[in-house]
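Try each task on your own before reading the solution.

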Amino acid sequence: MIRLSICIATFNRGNFIGETLDSILSQMSPEVELVVVDGASPDNTPEVMASYLLTHPAIRYFRELENSGIDADYDKAVGYATGQYCWLMTDDDFLKPGAIKRVLAELDGLRDLVVVNAETRNADLTDILVPRQLVVNGDRSYINDGSESFFSECANYLSFIGGVVIRREFWLERDRKSFYGSLFVHVGVIFQQPRIGGVYVIADPQIVVRYGNAMWTSRGFEIWSFKWQGLVWSFADFSDAAKRRVCHPAPWKRIKTLFYYRATGAYSKDEFKAFIYSRTAGARRFMSCGIAIFPAAVANIISVLYFALFNRSERMMQYDLLRSRHASSLSRWLAKALWK
């Protein structure tokens, strides 16, 4: 019997998916299968997969005729799977040695979900930005307690789909299509009604995340200020206090947030016209517009100074600033001089 299906939905990752597959295949056992759904990638993904299929015929590869979006493709992957549980793995990150064995040890029929912690590294994997994305002191269980603790403590981390190992039958019983287009279908499945039952959190990171490689980086302002916020605040069964611990009800109203996105290049007059103009008036509209046209390179320098002086622990945000096309030699010099 297949206990665990590792399900990957991929698109245009021909340059990265091989490393991901290598980290998985080296740990495979007879009770584990690997399912890859290719959302009609126009790059060399089919050729890369063909080479792996020659030497690993146990891989189940499904190439779609057209791209249906990340939500639908992960849903398809779970549908194609045959395992009792599905690990919704990403296509450019990789598993640490022993990760599959560690997860298998925590699978039992009473758990609907196993949350697998991750460490985050830079895009070339040479520097650890965050050693533990989910900050917990040890493994943890949430068992039908009816509280909001799991939501408030774990929902933010679960925006990363690679940390989700979910009972396949539970997934298929839930509404998925309502969350197509949200980019976070798994979060919709987990937190809709009725509330999820047994949850187990593995505290030690079993995944290495390649940060800064997300295909939606250029849409960061829209995604985190509207799509993610809209999804989190749509769960009517959770209190406003619990939802506030996950994200602000309207991040786009925060001047500091707008300025940071301007410094990274994710917020400009285009985003102002598309998302802010119709939602604001008066002084707020004026301030939001002013930030949208503020020189991005100058905003980048100011933000680098801010993080150096007041927020040195936020290494992922610092990394985003320095990866921005608006990062100047002065920004990089300041970072080197002040962040070390």
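Predicted model: local features only at pLDDT ≥ 70, side-chain atom pairs only at ≥ 80, totals over all residues.

## Exercise 1: Positive phi values

**Solution.** Most residues other than glycine have a negative phi.

- Step 1: Asn12 has a positive phi, near 55 degrees. Its place is the loop between strand E1 (4-10) and helix H1 (17-25).

## Exercise 2: Strand E6 and its partners

**Task.** Which strands pair with E6, and in what sense, parallel or antiparallel?

**Solution.** 

- Step 1: Locate strand E6 at residues 111-121; 10 of its 11 residues are buried.
- Step 2: Follow the pairing with E10, which is parallel and spans nine bridges. Here Arg121 has Arg210 of E10 as its bridge partner.
- Step 3: Turn to strand E9 (residues 164-167), joined to E6 by three bridges and running antiparallel. Val115 is bridged to Val164 in E9.
- Step 4: Finish with strand E7 (residues 128-130), antiparallel to E6 and joined to it by two bridges. In E7, Ile128 is the bridge partner of Arg121.
- Step 5: Check the connection: E6 and E7 make a hairpin with six residues between them, and Leu125 in the turn has a positive phi of about 70 degrees.

## Exercise 3: The nonpolar cores

**Task.** Which residues touch the most other members of the largest nonpolar core, and which strand gives the most to it?

**Solution.** In soluble globular proteins, nonpolar side chains tend to be buried together.

- Step 1: The largest nonpolar core has 80 residues, and Leu4, Trp87, Phe150 and Phe191 touch the most other members. Strand E10 (residues 198-210) gives the most to this core, contributing seven residues.
- Step 2: Take Phe150 and set aside neighbours within four places in sequence; its contacts then include Leu113, Val115, Phe191 and Val199.
- Step 3: Look for a second, separate core, which has 25 residues, including Tyr267 and Trp339.

## Exercise 4: Cysteines

**Task.** How many disulfides does the structure hold?

**Solution.** A disulfide is a covalent bond between the sulfur atoms of two cysteines. The structure holds zero of them. Cys86 is in no disulfide, and its nearest cysteine sulfur, that of Cys7, lies 3.9 Å away. For a disulfide, the sulfur atoms would have to be within 2.5 Å. Cys86 is buried at 0% relative accessibility, whereas Cys289 is partly exposed at 29%.

## Exercise 5: Aromatic pairs on helices

**Task.** What kind of pair do Trp224 and Trp228 form, and what kind do Tyr306 and Phe310 form?

**Solution.** An α-helix has 3.6 residues a turn, so residues three or four places apart point the same way.

- Step 1: The whole structure contains 26 aromatic pairs. The ring centres of Trp224 and Trp228 are 6.0 Å apart with planes at 70 degrees, so this pair is edge-to-face.
- Step 2: Both residues lie in helix H8 (residues 220-232), four residues apart. Trp224 is partly exposed at 29% relative accessibility, while Trp228 is buried at 3%.
- Step 3: The rings of Tyr306 and Phe310 have centres 5.7 Å apart and planes at 40 degrees, so they make a tilted pair. These two lie in helix H13 (residues 296-310), four residues apart. Tyr306 is partly exposed, at 30%, and Phe310 is exposed, at 63%.

How values were computed: Residues numbered from 1 in each chain as written. Heavy atoms only, no water. Core = buried A, V, L, I, M, F, W, Y, C linked by side-chain atoms within 4.5 Å. Buried < 20%, exposed > 50% of the residue type's maximum accessible area, 1.4 Å probe, protein only. Contact = heavy atoms within 4.5 Å. Pairing = 2+ DSSP bridges. Phe/Tyr/Trp six-rings, centres within 6.5 Å; stacked < 30°, edge-to-face > 60°.
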